[in-house]
Amino acid sequence: MKRAFPILAILTAGLLTYGLYGALIQAPTEQTMGDVQRIFYYHVPSAWTAFCLFFVNLVASIIYLVRRNPKADALALAAAEVGVVFCTVVLVTGPIWARPVWGIWWTWDLRLTLTLVLWLIYVSYLMLRRFSSSGQTPMMAAVLAVLGALDVPLVYFSIWFFRTQHPQPVIGGGGSIDPRMLHVLLMNWLAFMCLATLVCWSRYRLEILRRQVEETQALESLLAAGSSR
Amino acid sequence: MSSPPGVTRATLVKDLRLEWRSKDAINSMLFFALLVVVIFSFSFDPTAEESRRIAGGLVWVAFLFAAVVALNQTWARELRNQVLDAYRVSPAPASSLFLAKVLGNFIFVSVLQALMTPLFVVFYNLRAIGPAYQLLFVAVLGAWALVVNGTFFAAMSVRTRSREIMLPLLLFPITIPALLAMVEATSSILTGEFSAKFWIVLLAVYDVVFTTGCLLFFEIVLHGE
């Protein structure tokens, strides 16, 4: 398993380079929006990657609640942290694109609001983990993750109705996408997924190591206290 | 006594008696909400037409913040004299304890709503153009949504290092759909422009989903393993 890590790292670096080349040079310039549209190759793959990671977090949290496996908890933590980073990329690149194209930085559109609420829920998840240092943290965090997942359909319906009452924002409707653009988009998504796996993996290993160190230190101080008596 | 309804009733009566004697939660909530009303009122100084549109948001933000003040005390009160540990070792089902706490907080928030609504009407010159009786459903379902999640997350935040700060950080993101529903329903009824039915149904669904979820998970949160 450990040998796969550098291989994945090299693969990710290659894919990211190729993805950058594709996004900046290979993909044709969009007719109406111009070069600013190229942010799309980072924005959309980041969003898909973030949603995948939040899904991994949910599954790991459920596994933790059922099996009480500390490894599932470490995976949930790693996925949530990396997911929040990718979600932040989405929320930052979105307005940069929206300002020249829509003329506004932000609108309370369905997808925008849903992404923002998900980001808020997962930031509160990380805050809970940060502020709670007891042995109950993993269990509370897992419960919060499941409740957060229950919240998502409710957020979806509330924003959907909220927005159908009001004028729709200008979104570049359905339409077809140039196959070259789609190719670059999917290539970038693959690269981002590899990167996310890589970062999650190292974060996961770090978390496991950190816990082992903590356990060893606690054991050592117990032994020292026992021998000095 | 040890039956689930008995545990619920005993805990509820104990909490209400404690509150009746000290009046800690209700006083701090009321004064806090009053401050919010006054500050909003003179910082916006709205006309009757404007206030009808923004009142839904103001009312619920005031209730939300005031409820947090009371919710924080729900479990913090049980930390003294290790009452919470006593609950943990007792054979009483955790869900009936949770239900008692939710009912107690629901009563506090309802009293708050009953006392604060006249003040809102006075300060903002409110008069509902839509069907006013629907406001009652919104008030009950909205208070329940705040209280059910709030009591649950207060039990979590009491375990963390900075207790009082942690509750709103956990509660607000999850409550966003319920809060949107309360605010939009209240505004729709006050302005009479839209039907509030969808929002009331959404609020009811939210209440059912989260009451079930919280009752199921409370055992895990209380015992912590």
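Among contacts in chain A of this predicted model between residues at least 6 apart in sequence, 79% link residues at least 24 apart. The secondary structure of chain A consists of six helices and zero strands, and its elements follow the order α-α-α-α-α-α from the N terminus. Along the principal axes, the C-alpha atoms of chain A occupy a box of roughly 80 × 45 × 25 Å. Of the 229 residues in chain A, 33% are buried.

The contact between the chains draws 26 residues from chain A and 25 residues from chain B. On the side of chain A that touches chain B, helix H4 (110-131) and helix H5 (137-164) of chain A each provide at least two residues. The most is given by H5(A), with 14 residues. By class, this side of chain A comprises 17 nonpolar, eight polar and one charged residues.

Within chain B, helix H5 (residues 94-124) packs with helix H6 (residues 134-157) at an angle of about 135°, the two axes lying 9 Å apart. Angles over 145 degrees would count as roughly antiparallel and those from 65 to 115 as roughly perpendicular; H5(B) and H6(B) are therefore oblique to each other. Their crossing is right-handed. The residues of H5(B) that make the contact include B:Phe98, B:Val102, B:Phe106 and B:Val109, while those of H6(B) include B:Ala143, B:Trp144, B:Leu146 and B:Val147. In terms of residue class, the contact of H5(B) with H6(B) contains 10 nonpolar, five polar and one charged residues.

Technical notes. Residues are numbered from 1 along each chain as its sequence is written. Chains are lettered from A and ligands numbered from 1 in the order in which they are written. This is a predicted model: local features need pLDDT of at least 70, side-chain atom pairs count only at pLDDT 80 or more; totals for chains, interfaces and linings use all residues. Axes are lines fitted to C-alpha atoms, for helices over the stretch in contact, and angles run from 0 to 180 degrees between N-to-C directions. Helices (H or I, at least four residues) and strands (E, at least two) are DSSP runs, numbered from the N terminus. Angles under 35 degrees count as roughly parallel, over 145 as roughly antiparallel, 65 to 115 as roughly perpendicular and the rest as oblique. A crossing is left-handed if the near helix is turned anticlockwise from the far one by less than a right angle, and right-handed if clockwise. Two residues are in contact if their C-beta atoms, placed from the backbone, lie within 7 Å. Ala, Val, Leu, Ile, Met, Phe, Trp, Tyr, Cys and Pro count as nonpolar, Asp, Glu, Lys and Arg as charged, and the others, Gly among them, as polar. A residue is buried if 20 or more other C-beta atoms lie within 10 Å of its own, exposed if 12 or fewer, and partly exposed in between; C-beta atoms are placed from the backbone.
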